[in-house]
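Q: Could you take me through a few of the labels used for this model, and show how each value leads to its label?

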Amino acid sequence: PSDRHCWRPGTGASVGPGRYSVMLTRFRARLLPEHQRRSLEELSEELELSSGDAVGKRSGFWTMLVLSAIIASAGVLGDSTATVIGAMIIAPLSTPIMGIAVAAVKRQRNGSVAYVVGGVAVVVGMGVAFSLVVPPSYDLLDNSQIASRVSPSLIDLLAALATGLAGAVALARRDVGAVLPGVAIAISLVPPLAVAGVCLGQGAFSLAVGAGVLFVSNLVSLVLAGIFVFTVVGYPAQTAGPSAGR
């Protein structure tokens, strides 16, 4: 028998490594039942824009990203919550962000970082362009869509982590994909970038930084949550080695 045991408080007994393995297996089975669990190949096909029909995926990504950036920028300047929510739902930026988590789990590059960086530049640039129609006397903080996104708090980070976990579980399971639009609304990726662009265009650099911090905290939360869930699911064990051509 192994000498490596961990003390379990209040029981007078120790728990060996094998017990933790059993507990993890049971937790995984309840969180992600095997018959509902996607394979790593299926997940990669959905989240990696360079795999499968790469041309079609890229075209769809950039088209929807530009449209969501336009809608978000218009919604922000129009102080319209409904319009901003619409931009959140159609924004595809979470796909390459979760693709970063897949890349980390597989320990392979898949190009997701480049799509995220390019997407950020597109949305911020659109926000700057829309800011040109704003008069110099416009008070940015009088706009609720801007004011609510330039001062992120710890609560925002906790909400982003919980939302990231929900999104990662929904991606790993075949039966709860319907929650993904709700995840897109809760995590809020494109609106903070649009706000950052508008603030930059108006010379309000401190406000732009605040909106940027909100986006970065959401991005990091998504990636960390994705890595955690995908690791618990057991995807690293499915990695057979480097994929050719990626």
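Q: What makes the crossing of α5 and α11 right-handed or left-handed?
A: α5 passes α11 in a right-handed crossing; a crossing is right-handed if the near helix is turned clockwise from the far one by less than a right angle, and left-handed if anticlockwise. Helices here are DSSP runs of H or I with at least four residues, and strands are runs of E with at least two, numbered from the N terminus. This is a predicted model: local features need pLDDT of at least 70, side-chain atom pairs count only at pLDDT 80 or more, and totals for chains, interfaces and linings use all residues. Residues are numbered from 1 along each chain as its sequence is written, and side-chain values use heavy atoms, leaving out hydrogens and water.

Q: Why are α5 and α11 called oblique to each other?
A: Their axes, lines fitted to C-alpha atoms over the stretch in contact, cross at roughly 45° and come within 8 Å. Angles under 35 degrees count as roughly parallel, over 145 as roughly antiparallel, 65 to 115 as roughly perpendicular and the rest as oblique, so α5 and α11 are oblique.

Q: How do you know that the span of helix α11 agrees with its 29 residues?
A: The expected span is 1.5 Å times one less than the number of residues. For residues 205-233 that gives 42 Å, and the end C-alpha atoms are 42 Å apart, so the two agree.

Q: Why does serine 188 count as buried?
A: Buried means under 20% relative accessible area (exposed is over 50%, partly exposed in between; 1.4 Å probe, protein chains only). Serine 188 has 10%, so it counts as buried. This residue lies in the loop between α9 and α10.

How values were computed
Axes are lines fitted to C-alpha atoms, for helices over the stretch in contact, and angles run from 0 to 180 degrees between N-to-C directions.
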